[in-house]
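Please examine the structure shown below. The briefing that follows treats its helices, its nonpolar cores and its salt bridges in turn.

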Amino acid sequence: MPNRLIPDFDYEAALMECAAGRRPALEAIYRQEGPRLLGVAQRLLRDRAWAEDIVHDAFVRIWNHAGSFDASRGSARGWIYSITRNLALNALRDTSRETGVDDDAAAALDIRDSMEAWRDTRDAFDWRASAGRIGPCLEQLEPVRRNCVLHAYVEGLSHSEIAQRLGAPLGTVKAWIKRSLQALKECLA
């Protein structure tokens, strides 16, 4: 099973095929995204076996709910990743297992992984051109706040690293990111 992306894979068509009960479409999604979804779950859960269970559950949910996918609310690939991330985050919240992931870290991983999913086979200029609805929303943010969000969720920098890079207080950077994420959420709603 190759571990490379098929650049022109049609996620939306695959979900429509799943909704129609065609199992090869689910297999194609698994071949396309399974290893990366496992990586997302494993980064959140820090336990491979648990992550494998979450990815299994995610594919069951994708199969059972493919008909509920709504392209007007986002990309099919994003929807697939959201299912996996949400299941992993719910598993963290619902168990008494001790992990080193707090809400800020989980949110950072969630958004960073979404951004990586959009640009993993494209260069930065192509990503910006194809960012869809998020691009105009990002442009509405003040440049320093937009840069904080991009540093955190595209480059994967911690809040401390961003504060150091910008020469700004840590609390200010955290507030900028929190307010910017809220503004992005409202813009995308």
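The buried residues of helix H3 pack against H1, H2 and H4; contact here means heavy atoms within 4.5 Å. Buried denotes under 20% relative accessible area, exposed over 50%, and partly exposed in between, with a 1.4 Å probe and protein chains only. The model is predicted: local features need pLDDT of at least 70, side-chain atom pairs count only at pLDDT 80 or more, and totals for chains, interfaces and linings use all residues. Residues are numbered from 1 along each chain as its sequence is written, and side-chain values use heavy atoms, with hydrogens and water left out.

**Helix H3**

- Helices (H or I, at least four residues) are DSSP runs, numbered from the N terminus.
- The buried residues of H3 are Trp50, Ala51, Ile54, Val55, Ala58, Phe59, Ile62 and Trp63.
- H3 has 18 residues and spans 25 Å from its first C-alpha to its last, close to the 26 Å expected at 1.5 Å a residue; the expected span is 1.5 Å times one less than the number of residues.

**Nonpolar cores**

- A nonpolar core is a set of buried Ala, Val, Leu, Ile, Met, Phe, Trp, Tyr and Cys residues joined through side-chain atoms within 4.5 Å.
- The largest such core has 35 residues, and those with the most contacts inside it are Leu15, Ile29, Leu45, Ile62 and Ile80.
- Two or more residues of this core come from each of helix H1 (11-19), helix H2 (23-45), helix H3 (48-65) and helix H4 (76-94).
- Apart from this core lies another, of 16 residues, among them Ile134, Leu141, Val173 and Trp176.
- Leaving aside residues up to four places away in sequence, Ile80 touches Tyr11, Leu15, Ile29, Leu37 and Ile62.

**Salt bridges**

- A salt bridge is a side-chain nitrogen of Lys or Arg within 4 Å of a carboxyl oxygen of Asp or Glu, and by this rule there are four.
- Arg77 and Glu33 form a salt bridge at 2.8 Å, N to O. Arg77 lies in helix H4 and Glu33 in helix H2, so the pair ties together parts that are 44 residues apart in sequence.
- Arg77 is buried, at 11% relative accessible area, and Glu33 is buried as well, at 0%.
- Glu33, Arg36 and Arg77 are linked in a network of salt bridges.
- Arg48 meets Glu52 in a salt bridge at 3.1 Å, N to O. Because these residues are four apart in helix H3, about one helical turn separates Arg48 and Glu52.
- Arg48 is partly exposed at 45% relative accessibility, and Glu52 is partly exposed at 38%.
- Arg22 forms a salt bridge with Glu17, the closest N and O atoms being 3.4 Å apart; Arg22 is partly exposed at 44%, and Glu17 is partly exposed at 33%.

**Helix H9**

- In helix H9 (residues 159-166), the buried residues are His159, Ile162 and Ala163. They cover an arc of only 100° around the axis, which puts them on the same side of H9; the arc is that of the directions from the helix axis to the C-beta atoms.
- The cover over the buried residues of H9 includes helix H8 (143-153) and helix H10 (170-188).
- Just after H9, Gly167 takes a positive phi of about 70°.
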